[in-house]
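Here is a structure to read feature by feature.

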Amino acid sequence: MMTTGVDQRLAEIVEAVIAGLRDVIKVHHITNEEWHAALAFLTEVGQNDEFILLSDVMRLSVLVDELSHPDAGGTTPNVLGPFWRPAPLLDNPGVLVPEDEPGERLVLDGMVRTEAGEPIEGAEIDFWQCNADGLYDVQLPNDEPRYRGRLRTGGDGRYQIDTIVPPPYEIKKDGPVGRLLERLGRHAWRPAHIHCKAEAQDRRPLTTMLFIEGDPWLGDDTIGADKPSLVLALDRRGSPTRATFDIVMAAA
Ligand code: BEZ
Ligand code: FE
């Protein structure tokens, strides 16, 4: 009999997932109680809209993201995370976090460039980060965009943002995923980072995040996104603190 419309890839993947689960069930002699507890947990994860968070802390989001971006040269990509929102266009240099906000002042600058070192004109870079309390604007009562903005590069490819050194923060831990982390003896900390997205003509779009040198959670990011090539070196010899990072965009 001819079967039409079968999704072979889906069928293969479902079969592989089920084979893996059957192995786990057999090897660990999973009981009825344990299986139903697992199903109840997943139900609660869904009810609390935490499936993405579960994928994050199981470090599956980072793995899928890595496989989706085979090395094409350029700055190492990273996951978008849950806090990206459309941001206002700023001047370049631009103020991401205003002076009246608490936190260690940081000037981050660099060049948006090709791998050969040529500046990329007209690139749009979108930065977002948390405040000194480890909160993104979307986690604050007032809905206006804060601690985020887009900049465009001129002919020299350069960008500069005036901001603060973000602190490390804990991801949501008051739901089923947080409970799981606790039972596994795992923490919910992410090392301090500034998110960044870049787009330019004839270049691959880039999503990444830049980490802060010396952060205690570097090497132990709960979502496993802390990549050594994305760590900013801070120059604290003067005030403000300074860091330079070139955003290298691979050819499309
Ligand atoms: C973030 O970096 O903003 C983030 C990523 C994954 C889970 C929670 C937060
Ligand atoms: Fe973040």
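Q: Which protein donors does the iron ion (ligand 2) have?

A: Some ground rules come first: this is a predicted model, in which local features need pLDDT of at least 70 and side-chain atom pairs count only at pLDDT 80 or more, while totals for chains, interfaces and linings use all residues. Residues are numbered from 1 along each chain as its sequence is written, chains are lettered from A and ligands numbered from 1 in the order in which they are written, and side-chain values use heavy atoms, with hydrogens and water left out. Donors are N, O and S atoms within 2.8 Å of the metal (3.2 Å for Na, K and Ca); water is not among the atoms, so sites may look incomplete. Here the protein donors are Tyr-136 (OH), Tyr-169 (OH), His-193 (NE2) and His-195 (NE2), at 1.9 to 2.2 Å from the iron ion. Their spacing along the chain is Y-x32-Y-x23-H-x1-H. Tyr-136, in the loop between β3 and β4, and His-195, in strand β8, are 59 residues apart and link distant parts of the chain. (Helices, H or I of at least four residues, and strands, E of at least two, are DSSP runs numbered from the N terminus.)

Q: Are Tyr-136 and His-195 buried or exposed?

A: Buried means under 20% relative accessible area, exposed over 50%, and partly exposed in between (1.4 Å probe, protein chains only). Both Tyr-136 and His-195 are buried.

Q: What is the order of the strands in the open sheet?

A: Two strands pair if DSSP finds at least two bridges between them. The five strands run in the order β4-β3-β8-β9-β10, with mixed pairing. β4 (148-152) and β10 (231-232) are at the edges with a single partner strand each, so one side of each has no neighbour in the sheet. Five bridges join β3 (residues 124-128) to β8 (residues 193-199) in the antiparallel sense; Asp-126 has Lys-197 as its bridge partner in β8.

Q: How many disulfides does a search of the whole structure find?

A: A disulfide is a covalent bond between the sulfur atoms of two cysteines. The test is a pair of cysteine sulfur atoms within 2.5 Å. The search finds zero.
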